[in-house]
Amino acid sequence: MTSARRSERELGRWAPTAAHVRAALLAAGAAVLAVLGRRADLLVLVAPLAVAAGWGHLARPRVTSRATARVVTPTLREGEATQLVVRVDPVPPGVDAVALVARAPWVERLPGPGVVHLDARGTGRAAVRSTRWGRRRLGTVSVCLTSEWGAFQAGPVDLPDLGTATLPVPATFDSSAPTPHPDGIVGAHRSARPGSGTEFSTIRAFQPGDRLRRIHWPTSTRTGSLHVSSTYSDEDAHVVLIVDALSDLGPREGVDGRPTSLDLTVRAAGAISQHVLRTNDRLTLRTVGAADVPVLRSGSGTNHLRRVLDVLASISPASERRDDGERAVRSVEAAALCLVLSPLVDPTMVDVAHRLAARGLTVVVVDTFPPHLVAADADRYSALSWRVRLLAREAQVSGLVGRGIPVVPWRGPGSLDQVLRDLARRSAAPRMARR
């Protein structure tokens, strides 16, 4: 679903209202009865109706107006608001113009009823607030024009629906642990080999080609020969995010309520992406279970973060039930760190983690199961079914841990620090090799 920023439509011809037709018929009928019955008092009683009907007919507008609606900001974050501007052109004098913004899921209107009165220039504004990530319809805008005395009206006419892309708000996340297996040429991770970087290595004798700003003058003065300070080269790492979109568990309450499993997954993916791209690492995003979501290739920088959030906002949960995860695990670099974000309810994601580990990749499963799903369930049959499912889930988690795949619950800042330190320490440890 694409987001339409502007929509317009003609309001059509002016038609008499029911009140105008009623006033004209009553005045004509009463006039006939007054003449036939010789009742002058009846003519006096219906004279105001006749004047109002005649005035309204003579003052009816004769121009065709066109209504336009547009969104000031087509891309929002969860909880952000924007303005919906409605304009009618031209607006005949004395005409009352009203627009109505219909209700839409996860969209709040201000004013609450959604009724917007247009000013004399034919312009009106309403505030709309998107409360959940995704591609959102802002609600159908209906526009109606009414002439003097309510005699004629144009519309109401429904304008084509406006849409907006609501990006997920990344959860608060930060990590001081290094990413294992850095293999690039530019980044914030220290390499094991010397080169141009920021991390100090040692002081050695000057060699042709060394930069003059690297000369270590205290040592050079003491020894009588030029010495330079050498550094380790900086490298970047490659992180692959695999997002579970096979299900969306829990009540969908938006940004102001309790999160669903997919809310936690998407916001955690946004937070990790923001942290990884801030440290100049490379990031690849792949989804499982969502149709029409492209595979976001490796990239870095602020523009790539925007692309990541756009892809996350386009996820439609459980729209591709036949997805077995093969596309998500295809062509992953050998030195990449694979982060599988899933509530671990569907066995497909467990199989994806096992397949990645079987290829020798470094895999970390981030558990995004919302704890309130079971705690807030009052139905004993639902509680019993959840208990049975959680027992099977614990067996699957134990199988992952037994294979050496860490499973880390998502808790915001510091969630991955310990496991990343352990993985970096394990990758730097000496290994046995056959001779």
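A: Let's begin with Arg39, which forms a salt bridge with Asp41; their closest N and O atoms are 2.9 Å apart. Keep in mind as you look that this is a predicted model. How accessible are the two partners? Arg39 has a relative accessibility of 43%, so it counts as partly exposed. Asp41 is partly exposed too, because its relative accessible area is 38%. This pair belongs to a total of 18 salt bridges in the structure.

Glu320 counts as partly exposed, at 23% relative accessibility. Arg322, on the other hand, reaches 74% and counts as exposed.

Arg321 has a salt bridge as well: its side chain meets that of Asp346, at 3.7 Å from N to O. Where do these two residues lie? Arg321 is in the loop between α5 (302-313) and α6 (326-329), while Asp346 is in the loop between β19 (337-342) and α7 (347-358), so the pair ties together parts that are 25 residues apart in sequence. Asp346 is buried, with a relative accessible area of 16%, which falls under the 20% cut-off for that class. Arg321 counts as exposed, at 51% relative accessibility, a value over the 50% cut-off.

Some salt bridges share partners, and in this way Arg132, Asp248, Arg252 and Asp263 are joined into one network.

From here, turn to the helices. Helix α4 spans residues 261-278, and its axis comes within 10 Å of the axis of α5, crossing at roughly 170°. Which way does α4 run relative to α5? The crossing angle makes α4 roughly antiparallel to α5, since angles over 145 degrees fall in that class.

Which residues make the contact? On the α4 side they are Val266, Ala269, Gly270, Ser273, Gln274 and Leu277. Facing them from α5 are His304, Leu305, Val308, Leu309 and Leu312. Sorted by class, the contact of α4 with α5 has seven nonpolar residues and four polar ones, with no charged residues.

How values were computed. Residues are numbered from 1 along each chain as its sequence is written. This is a predicted model: local features need pLDDT of at least 70, side-chain atom pairs count only at pLDDT 80 or more; totals for chains, interfaces and linings use all residues. Side-chain values use heavy atoms; hydrogens and water are left out. A salt bridge is a side-chain nitrogen of Lys or Arg within 4 Å of a carboxyl oxygen of Asp or Glu. Buried means under 20% relative accessible area, exposed over 50%, partly exposed in between (1.4 Å probe, protein chains only). Helices (H or I, at least four residues) and strands (E, at least two) are DSSP runs, numbered from the N terminus. Axes are lines fitted to C-alpha atoms, for helices over the stretch in contact, and angles run from 0 to 180 degrees between N-to-C directions. Angles under 35 degrees count as roughly parallel, over 145 as roughly antiparallel, 65 to 115 as roughly perpendicular and the rest as oblique. Contact means heavy atoms within 4.5 Å. Ala, Val, Leu, Ile, Met, Phe, Trp, Tyr, Cys and Pro count as nonpolar, Asp, Glu, Lys and Arg as charged, and the others, Gly among them, as polar.
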